[in-house]
Amino acid sequence: MNIKGKKVVLHDMSLRDGMHAKRHQISLDQMVAVATGLDEAGMPLIEVTHGDGLGGTSVNYGFPAHSDEEYLSAVIPKMKNAKVSALLLPGIGTVDHLRMAKDLGVNTIRVAAHCTEADVTEQHIGLAAKLEMDTVGFLMMSHMATPEKIVEQARLMESYGANCIYCTDSAGYMLPDEVTEKIGLLRAELNPNTEIGFHGHHNMGMAVANSLAAIDAGAIRIDGSVAGLGAGAGNTPLEVLVATLVRLEADHGIDLYKIMDVAEDLVVPMMDQPIRVDRDALTLGYAGVYSSFLLFAKRAEAKYGIQARDILVELGHRGTVGGQEDMIEDLALTMAKEKGLI
Amino acid sequence: MNKKLKAVIIGPGNIGTDLLMKMKRSEWIEPVWMVGIDSASDGLTRAREMGIKTTAEGVDGLLPHIIEDDIRIAFDATSAYVHAENSRKLNELGVIMIDLTPAAIGPFCVPPVNLVQHAKELEMNVNMVTCGGQATIPMVAAVSSVQPVEYGEIIATVSSKSAGPGTRKNIDEFTRTTASAVEKVGGAEKGKAIIIINPAEPPLLMRDTVHCLTKGQPDQAAITASVLAMVKEVQKYVPGYRLVNGPVFDGNRVSMFMEVEGLGDYLPKYSGNLDIMTAAGLRTAEMFAEEANNGNITLPARGSVEEI
């Protein structure tokens with residue numbers, strides 16, 4: 001692999017995807033401290049919202065410690081160089097949330113849809129582009145469609161006004177060859193001015209390798225999370241990725257020691273549980289299941305006596321997609337009834 | 001005297017066609033016209049083959065025939081953007097509008113919760129909320145009829161194949177309209193709605209989750225009885241409406257997990273989301289026809305100059 005001199009724009013997820021691992025309970029002080037540390041380390045983009053994006057506050061996904069408005073209002077004024085992004089899942093959040101985010105100074109809006117359903121993003125991508133925001137189309141669970149299908153859906157998002165398209169490995173299922181193939185085809189087929197991004201999860205231990213494969217195949221934006229704080233076994237641990245980028249002499253602009261210190265001194269002490277490839281997180285990657293299902297499946301196991309692993313494998317069989325957290329309790333109840341436990 | 005009210009369907013897509021097939025079995029409503037905008041479209045062709053008059057000139061192509069064909073009921077299955085104009089033109093001629101789009105310019109109608117009241121008041125435009133609303137609001141209402149609900153949340157999951165271009169282009173209207181009706185009809189102080197589109201093959205049945213947060217500890221026995229009774233009410237017009245799990249009680253949370261299987265009239269049975277809309281829309285029109293036939297309401301006088 002030769003990525004020497006290649007431009008890489010890193011994007012931190014610890015304050016958005018990390019909200020899943022923290023059951024959306026990160027405090028305002030913690031948000032500001034981590035974001036400030038990342039800003040000083042040279043992180044160009046930092047995502048801040050509920051784990052399920054703007055408007056994610058709900059019984060289904062969890063009520064956060066603070067509203068999106070409160071988090072964004074606390075973090076954005078403190079940033080010297082870093083820009084702040086917000087995630088928006090049509091079907092959960094609306095254009096009203098998007099306007100609110102824009103008004104609070106959010107620079108980048110990332111409109112997410114399941115990788116075969118990009119046509120639900122037209123309203124939101126269209127508005128963000130019209131507002132001259134940095135507008136990203138985010139194709140979730142990209143392991144569930146062929147490279148050709150991913151390109152077709154990416155073209156839709158591009159046509160609505162997205163200037164960057166992500167191939168998102170929400171389940172942490174992909175191996176490097178699949179990343180190479182999908183990112184490579186996106187790079188070859190999309191408008192040359194459209195940036196390509198990759199978002200990984202570490203459920204199969206592949207997040208760093210996959211991110212490097214993505215860069216090599218033409219991705220410029222790479223998501224990760226300081227100390228890996230994210231759903232499932234976490235996102236690509238940014239301090240590890242930065243160390244590899246230093247050795248490979250890519251152009252990333254991050255101070256390695258500073259980001260290592262943010263990980264060790266600020267983020268690890270915040271963790272409610274170790275972010276690691278335990279058997280349930282591994283099952284997410286193995287079975288191709290949305291990473292934020294992890295803690296819900298563990299809670300269902302505790303409540304109904306059905307192993308989280310069995311629930312997750314069945315959710316994989318059923319082709320469950322992002323956002324279907326409600327299926328977990330429903331399925332656990334059905335499985336518990338079948339076993340005569342309730 | 002023929003007790004059936006004559007009806008027009010605007011929008012020959014999936015919903016319109018399914019509605020037409022159900023209407024042909026109705027004792028109270030007779031489909032006469034199908035309105036589209038492309039004479040070569042599959043929908044208009046199907047309607048013609050089923051013996052229905054068609055126009056490809058939109059609602060304007062229908063207006064000259066309203067009085068001569070005695071059209072009394074219109075079903076709008078187009079989009080929120082054109083509904084207001086369709087409704088204005090037809091209401092002027094004394095046609096009652098049943099709105100299957102998310103436009104929601106008239107009051108929301110969820111048959112087992114508030115249809116009787118709308119029929120008595122002869123509302124000239126009633127809105128059928130959304131598929132997710134029809135499937136879940138009866139459950140919210142079943143809980144709120146027992147004790148106050150401070151927050152009601154619904155999650156509707158539909159198969160990719162049953163989510164048409166209208167829903168996809170208008171996904172914010174779905175969440176807004178449904179959340180608003182969870183409050184106004186369901187009786188929750190605050191409503192929230194989420195929709196998920198799932199592309200799995202074979203397509204999954206429509207499924208819906210309803211979470212209510214009650215004020216104070218939920219009265220488990222009374223809520224369970226109310227929920228089970230409401231499921232039976234919905235099953236009267238949607239036989240494939242099922243409570244799969246619940247009500248589950250967890251602190252002040254009450255959760256119901258539903259599944260909706262369609263009749264498979266036009267689209268396959270997994271499209272319970274379409275079925276529950278068309279069945280609820282038709283049920284609404286039938287109630288107006290029954291009330292008119294029983295002399296409880298008087299149908300609107302025609303507003304056209306020709307009739308004066």
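**Exercise 1.** At what angle do the axes of helix H9 and helix H10 of chain A cross, and within what distance do they come? Work out how the two helices are oriented.

*Solution.* Keep in mind that this is a predicted model. Start with the geometry: the axes of H9(A), residues 238-248, and H10(A), residues 256-267, come within 9 Å and cross at roughly 165°. Angles over 145 degrees count as roughly antiparallel, so H9(A) is roughly antiparallel to H10(A). Next, the handedness: this crossing is left-handed.

Now look at who does the touching. H9(A) brings Leu238(A), Glu239(A), Val242(A), Ala243(A) and Val246(A), while H10(A) brings Leu256(A), Ile259(A), Met260(A) and Ala263(A). Sort these residues by type and you get 8 nonpolar, no polar and 1 charged.

**Exercise 2.** Find out how compact chain A is for its length.

*Solution.* Then check burial: 59% of the 342 residues count as buried. Last, take the contacts in chain A between residues at least 6 apart in sequence; 76% of these join residues at least 24 apart.

**Exercise 3.** Describe the side of chain A that touches chain B.

*Solution.* Count first: chain A puts in 24 residues, and chain B puts in 24 residues. Then see which helices of chain A take part: H5 (122-130) and H14 (326-338) each supply at least two residues. H14(A) gives the most, with 4 residues.

Note on methods
Residues are numbered from 1 along each chain as its sequence is written. Chains are lettered from A and ligands numbered from 1 in the order in which they are written. This is a predicted model: local features need pLDDT of at least 70, side-chain atom pairs count only at pLDDT 80 or more; totals for chains, interfaces and linings use all residues. Two residues are in contact if their C-beta atoms, placed from the backbone, lie within 7 Å. Ala, Val, Leu, Ile, Met, Phe, Trp, Tyr, Cys and Pro count as nonpolar, Asp, Glu, Lys and Arg as charged, and the others, Gly among them, as polar. Axes are lines fitted to C-alpha atoms, for helices over the stretch in contact, and angles run from 0 to 180 degrees between N-to-C directions. Angles under 35 degrees count as roughly parallel, over 145 as roughly antiparallel, 65 to 115 as roughly perpendicular and the rest as oblique. A crossing is left-handed if the near helix is turned anticlockwise from the far one by less than a right angle, and right-handed if clockwise. The radius of gyration is taken over C-alpha atoms; the globule rule is 2.2 Å times the number of residues to the power 0.38. A residue is buried if 20 or more other C-beta atoms lie within 10 Å of its own, exposed if 12 or fewer, and partly exposed in between; C-beta atoms are placed from the backbone.
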